[in-house]
Amino acid sequence: MVSDISDQTFIDEVLLSPVPVLVNFWAPWCGLCRLISPVLSSLEADMGGLMKLVDVNADENLKLANTYRLTTLPTLLLFDDGKLLYRIDSFHGRDDLRATLNRLMQQFTYSA
């Protein structure tokens, strides 16, 4: 299940998570953010608990947005064992995002 996290819960929910975490930085005014939300939810369901998805409202969590030097929204960051492994901040629509995430998850599940 997608959960909204903040500056205060980021360490526990992301950096200390026992499973990999895909962090979706978004904002309410971002049309592309709303467009990709179903793709992300579907990916999380397909992973069956091997990964969790969390949302971070970049407008409400400027410290995190600055820490990870966001330049565009949406930005997706994949963390495992507290380390940033992969960053997706440029894609061309849902199909491109789905293909990128599927490739990434295949690599990730093979190495797990």
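**Note on the predicted model: disulfide, sheet, aromatic cluster and salt bridges**

1. The count of disulfides (a disulfide being a pair of cysteine sulfur atoms within 2.5 Å) comes to 1. It joins C30 and C33, with the sulfur atoms 2.4 Å apart. The torsion about the S-S bond of C30 and C33 is about 85°, so this disulfide is right-handed. C30 has a relative accessibility of 4% and counts as buried; C33, at 5%, is buried as well. Here buried means under 20% relative accessible area, exposed means over 50%, and partly exposed lies in between, with a 1.4 Å probe and protein chains only.

2. On the basis of the note: this is a predicted model, in which local features need pLDDT of at least 70 and side-chain atom pairs count only at pLDDT 80 or more, while totals for chains, interfaces and linings use all residues. Residues are numbered from 1 along each chain as its sequence is written, and side-chain values use heavy atoms, leaving out hydrogens and water.

3. The sheet is open and holds 5 strands in the order β1-β3-β2-β4-β5, with mixed pairing. Its edge strands, β1 (3-5) and β5 (83-88), each pair on one side only. On average, neighbouring strands of the sheet are turned by 30° against each other, direction ignored. Helices (H or I, at least four residues) and strands (E, at least two) are DSSP runs, numbered from the N terminus. Two strands pair if DSSP finds at least two bridges between them. In general, strands of a sheet pair through backbone hydrogen bonds, either parallel or antiparallel.

4. How do β1 and β3 run, and how many bridges join them? They run parallel and are joined by 3 bridges. Within this part of the sheet, S3 stands opposite V54 in β3. Helix α2 (residues 31-47) packs on the sheet and touches β2, β3 and β4, where contact means heavy atoms within 4.5 Å. The direction of α2 makes about 170° with that of β2. Axes are lines fitted to C-alpha atoms, for helices over the stretch in contact, and angles run from 0 to 180 degrees between N-to-C directions.

5. There are 4 aromatic pairs in the structure. Rings of Phe, Tyr and Trp (its six-membered ring) pair if their centres lie within 6.5 Å; planes under 30 degrees apart count as stacked, over 60 as edge-to-face and the rest as tilted. F10 and Y68 have ring centres 5.7 Å apart and planes at 45°, so the pair is tilted. F10 lies in helix α1 and Y68 in the loop between α3 (62-67) and β4 (75-80), so the pair ties together parts 58 residues apart in sequence. F10 is buried at 3% relative accessible area, and Y68 is buried at 15%.

6. Y68 also pairs with F25, again tilted, at 6.4 Å centre to centre and 45° between the planes. F25 lies in strand β2 (residues 21-26) and Y68 in the loop between α3 and β4, so this pair ties together parts 43 residues apart in sequence. Ring pairs link F10, F25, Y68 and F79 into a cluster.

7. The count of salt bridges is 2, a salt bridge being a side-chain nitrogen of Lys or Arg within 4 Å of a carboxyl oxygen of Asp or Glu. One is formed by K52 and E13, at 3.0 Å from N to O. K52 is in strand β3 (residues 52-57) and E13 in helix α1 (residues 10-15), 39 residues apart. E13 is partly exposed, at 29%.

8. R87 forms a salt bridge with D89, the closest N and O atoms being 3.1 Å apart. Both partners are partly exposed: R87 has a relative accessible area of 30%, and D89 is at 29%.
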